[in-house]
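Please read this briefing alongside the sequence and the model shown below.

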Amino acid sequence: GVTRFPRLNNPRSLLKTRTGRCGEFANAFTACAVACGFDARYVLDTTDHVWTEVYSAGRKRWVHVDSCEKKIDKPLLYEKGWGKELVGIFAFGRDEVVDVTRRYTRDFGACLARRAPGSPRWRGALSERALAAAVDRLDRRQRGKHARPSPDFEARRAAELAELAAAAWSAPRPLDAEEATGRTAG
């Protein structure tokens, strides 16, 4: 048989129906995390998946949370476990927009090659410089919407940008066994 369900974006509807795919799970989970007082942001993988990142004060960093797959802090899951050829991953939060691709890949150079203008994987024709400028414009617009970001926003942002820059050039960290598992849901 075929089960049909609407693609809902309203977290209240999602919590009632408890049905959906990654988008519905990420919308509902992100809304719940924010309602519980966490800094959380929605993460979009341009190769067709979404999840959440939650800021951990204890770890002093953003932590990957995929509520659809029931995975926490397993950022290499998609590239290594699912075998995805990642292109671009972007985080959208209350105070910012960030290209977080480096957090989710062990081979950022391959991602860059796949998102080069003219690449069949990169639907946009943006160069890396133009993409960075577009993300920066979105980020500035998002930061301009709120008078007061988190008290430690600038320090957290600087630490994250340093982490992402280092990830592009440092030796890959060892794979966690859970990151090597295939897709289980959605």
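How many helices and how many strands does the chain have? The chain has 6 helices and 6 strands, where helices (H or I, at least four residues) and strands (E, at least two) are DSSP runs numbered from the N terminus. This is a predicted model, in which local features need pLDDT of at least 70 and side-chain atom pairs count only at pLDDT 80 or more, whereas totals for chains, interfaces and linings use all residues. Residues are numbered from 1 along each chain as its sequence is written, and side-chain values use heavy atoms, with hydrogens and water left out.

**Overall fold**

- Read along the sequence, the chain follows the pattern α-α-β-β-β-β-α-β-β-α-α-α.
- The radius of gyration of the chain is 17 Å, close to the 16 Å that the globule rule gives for 186 residues, so the chain is as compact as a globular protein of that length; the radius is taken over C-alpha atoms, and the rule is 2.2 Å times the number of residues to the power 0.38.
- Along its principal axes, the C-alpha trace spans about 45 × 40 × 35 Å.
- Of the 186 residues in the chain, 39% are buried, a term that means under 20% relative accessible area, with exposed meaning over 50% and partly exposed in between (1.4 Å probe, protein chains only).
- Among the contacts in the chain with a separation of 6 or more, 56% join residues 24 or more positions apart, a contact being heavy atoms within 4.5 Å.

**The sheet**

- The 6 strands of an open sheet come in the order S4-S3-S2-S1-S5-S6, with antiparallel pairing; two strands pair if DSSP finds at least two bridges between them.
- The edge strands are S4 (71–72) and S6 (97–99), each of which pairs on one side only.
- S1 and S2 pair in the antiparallel sense over 6 bridges, with Arg41 standing opposite Glu53 in S2.
- These two strands, S1 and S2, form a hairpin with 3 residues between them, and Asp48 in the turn has a positive phi of about 90°.
- S1 also pairs with S5 in the antiparallel sense, over 4 bridges, and here Leu44 stands opposite Phe90 in S5.
- S5 and S6 run antiparallel and are joined by 3 bridges, with Asp99 in S6 as a bridge partner of Phe90.

**Helices against the sheet**

- Helix H2 (residues 22–35) has 14 residues and reaches 20 Å from its first C-alpha to its last, close to the 20 Å expected at 1.5 Å a residue, the expected span being 1.5 Å times one less than the number of residues.
- H2 lies across S1, S2 and S3 (61–66), running at about 20° to S2; axes are lines fitted to C-alpha atoms, for helices over the stretch in contact, and angles run from 0 to 180 degrees between N-to-C directions.
- The buried residues of H2 are Cys22, Gly23, Glu24, Ala26, Asn27, Ala28, Thr30 and Ala33, and what covers them includes helix H1 (11–17), strand S1 (40–45) and strand S2 (49–56).
- H2 is followed by Gly37, whose phi is positive, near 95°.
- Helix H5 (residues 128–144) lies across S5 and S6, running at about 155° to S6.

**The nonpolar core**

- Of the 14 residues in the largest nonpolar core, Val43, Trp51, Tyr78, Leu86, Ile89, Val100 and Tyr104 touch the most other members; such a core is a set of buried Ala, Val, Leu, Ile, Met, Phe, Trp, Tyr and Cys residues joined through side-chain atoms within 4.5 Å.
- Helix H3 (77–81), strand S5 (89–92) and helix H4 (108–114) each supply at least two residues of this core.
- Leaving aside its neighbours within four places in sequence, Ile89 is in contact with Val43, Leu44, Asp45, Trp51, Val98, Asp99, Val100, Thr101 and Tyr104.

**Single residues**

- Cys22, placed in helix H2, is buried, with a relative accessible area of 11%.
- Not counting residues up to four places away in sequence, Cys22 touches His49, Val50 and Cys68.
- Lys70 lies in the loop between S3 and S4, has a phi near 55°, a positive value in a residue other than glycine, and counts as exposed at 76% relative accessibility.
- Asp73, found in the loop between S4 and H3, likewise has a positive phi, near 60°.
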